[in-house]
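Hi everyone, and thanks for making the time today. I'd like to walk you through a structure that may be new to you, so please have a look at it while I talk.

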Amino acid sequence: GCSRAGERDEALGSRRQDGAAGGGGGGAATKATPATHSILSQEEAARKFEEVSTEYEDRVNILPGQCSNCGVQGEVKMVVTDIPHFKEIILMAFNCEECGYKSNEVKPGGAISAKGRRHILRLRNFPLDLNRDLLKSHTASFGVPELMLELTPGTLGGRFTTIEGLLVQVRDELSKEQFVYGDSGREESRGKMTGFFATLQKMLDGEMEFTVVLDDPLSNSYIQNVFAPDDDPAMIVEEYTRTKEQEDELGITDMVTENYY
């Protein structure tokens with residue numbers, strides 16, 4: 001089973017994006033690390049900015065910013081919005097009049113979370129559970145144990161969608177990559193993929209219960225709790241302490257200056 005998961009990850013991994021927006025905000029002083037990147041991919045951030053800035057036109061702030069492509073001074077549009085029962089997010093858009101460069105970023109408001117967070121949801125109430133909002137930041141992994149599916153951080157970039165939306169995207173990306181398995185007699189791989197797609201389709205059709213696991217060491221991801229503010233009987237939310245390796249990978253270690261013990 002391991003090689004099947006490996007082949008799938010390879011197929012998805014070839015379409016990775018790092019979600020970094022190229023810094024149109026004049027923030028050249030801060031070293032870009034996974035902890036300071038945009039939590040959503042460029043296109044997703046642009047879509048979300050459009051949606052929020054249209055709805056809350058009066059909340060859009062305009063700040064001076066330098067184009068990271070040609071260096072000319074321009075302006076950054078910024079709007080802050082609150083995701084209920086989660087956190088504030090800051091949406092930024094930069095358009096350079098001079099060279100046409102565009103950059104969109106979404107960043108979490110407030111300080112970097114001290115702990116990681118893992119959401120484990122058992123989907124059994126259809127279509128309600130499939131329609132839950134899901135924010136998968138670029139530092140989060142996403143898995144479906146019943147499919148032996150695990151998207152490593154960075155795969156598919158940062159997304160703000162629904163559980164169904166993310167699973168449809170996984171299906172579409174993997175369908176495109178079917179040629180990876182070729183016609184050269186790799187029947188076993190193809191048979192396994194056929195089984196994988198059939199099971200995934202059953203899940204999307206609400207014909208079988210399944211589990212999703214969303215794990216973000218920066219706590220910038222969430223699955224909507226449809227019972228909020230009460231606890232959600234179908235979901236476990238765990239906080240955990242990041243490992244030293246995770247802190248290093250995320251670039252947090254370098255940011256901690258007052259580490260006097």
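**A first walk through the model**

Let's begin with strand β6, residues 133-136, which is joined to β9 by four bridges, the two running antiparallel. Within that pairing, Leu135 stands opposite Phe160 in β9. Please keep in mind that what you see is a predicted model.

β6 belongs to an open sheet of three strands with antiparallel pairing, in the order β9-β6-β11. Which strands stand at the edges? They are β9, residues 159-162, and β11; each has a single partner strand, so one side of each is left without a neighbour in the sheet. Helix α3, residues 163-176, packs on this sheet and touches β6, β9 and β11. The direction of α3 makes about 110 degrees with that of β9.

The charged end of Lys48 sits over the Phe160 ring, 4.5 Å from the centre. There is another case like this to look at: the charged end of Arg59 sits over the ring of Tyr56, 4.0 Å from its centre.

Next, the other sheet I want to show you. This one is open too, with four strands in the order β1-β2-β3-β4 and antiparallel pairing. At its edges stand β1 (61-66) and β4 (102-108); each has a single partner strand, so one side of each is left without a neighbour in the sheet. From one strand to the next, the twist averages 25 degrees.

How many bridges pair β1 with β2? There are six, in the antiparallel sense, and Gln66 stands opposite Gln73 in β2. Helix α2, residues 42-55, packs on the sheet and touches β2, β3 and β4, with its direction at about 80 degrees to that of β4.

On to β3 and β4, which pair in the antiparallel sense over seven bridges. Here Phe94 stands opposite Ser103 in β4. The hairpin of β3 and β4 has six residues between the strands, and in it Gly100 takes a positive phi near 85 degrees.

Let's turn to the aromatic rings. Searching the whole structure gives three aromatic pairs. One of them is Phe86 with Tyr222, a stacked pair at 4.6 Å centre to centre, with 10 degrees between the planes. This pair links distant parts of the chain: Phe86 is in the loop between β2 (73-82) and β3 (88-95), while Tyr222 is in strand β11, residues 222-223, and they are 136 residues apart. Are these two residues buried or exposed? Phe86 and Tyr222 are both buried.

Phe196 and Phe197 also form an aromatic pair, this time edge-to-face, at 5.6 Å centre to centre and 75 degrees between the planes. Phe196 has a relative accessible area of 1%, so it is buried. Phe197, at 16% relative accessibility, counts as buried as well.

Finally, a word about confidence. The mean pLDDT of the protein chain is 85, and 82% of its residues reach 70 or more. Over residues 14-30, though, the pLDDT is below 50, and this stretch has 41 contacts in the model beyond near neighbours in sequence. Residues 257-261 also stay under 50, and for them the model has zero contacts beyond four places in sequence. Where pLDDT is low, the predicted coordinates should not be read in detail.

Note on methods: Residues are numbered from 1 along each chain as its sequence is written. This is a predicted model: local features need pLDDT of at least 70, side-chain atom pairs count only at pLDDT 80 or more; totals for chains, interfaces and linings use all residues. Side-chain values use heavy atoms; hydrogens and water are left out. Rings of Phe, Tyr and Trp (its six-membered ring) pair if their centres lie within 6.5 Å; planes under 30 degrees apart count as stacked, over 60 as edge-to-face and the rest as tilted. Buried means under 20% relative accessible area, exposed over 50%, partly exposed in between (1.4 Å probe, protein chains only). A charge sits over a ring if NZ of Lys or CZ of Arg is within 6 Å of the ring centre and within 35 degrees of the ring normal. Two strands pair if DSSP finds at least two bridges between them. Axes are lines fitted to C-alpha atoms, for helices over the stretch in contact, and angles run from 0 to 180 degrees between N-to-C directions. Contact means heavy atoms within 4.5 Å. pLDDT is the predictor's confidence in each residue, from 0 to 100.
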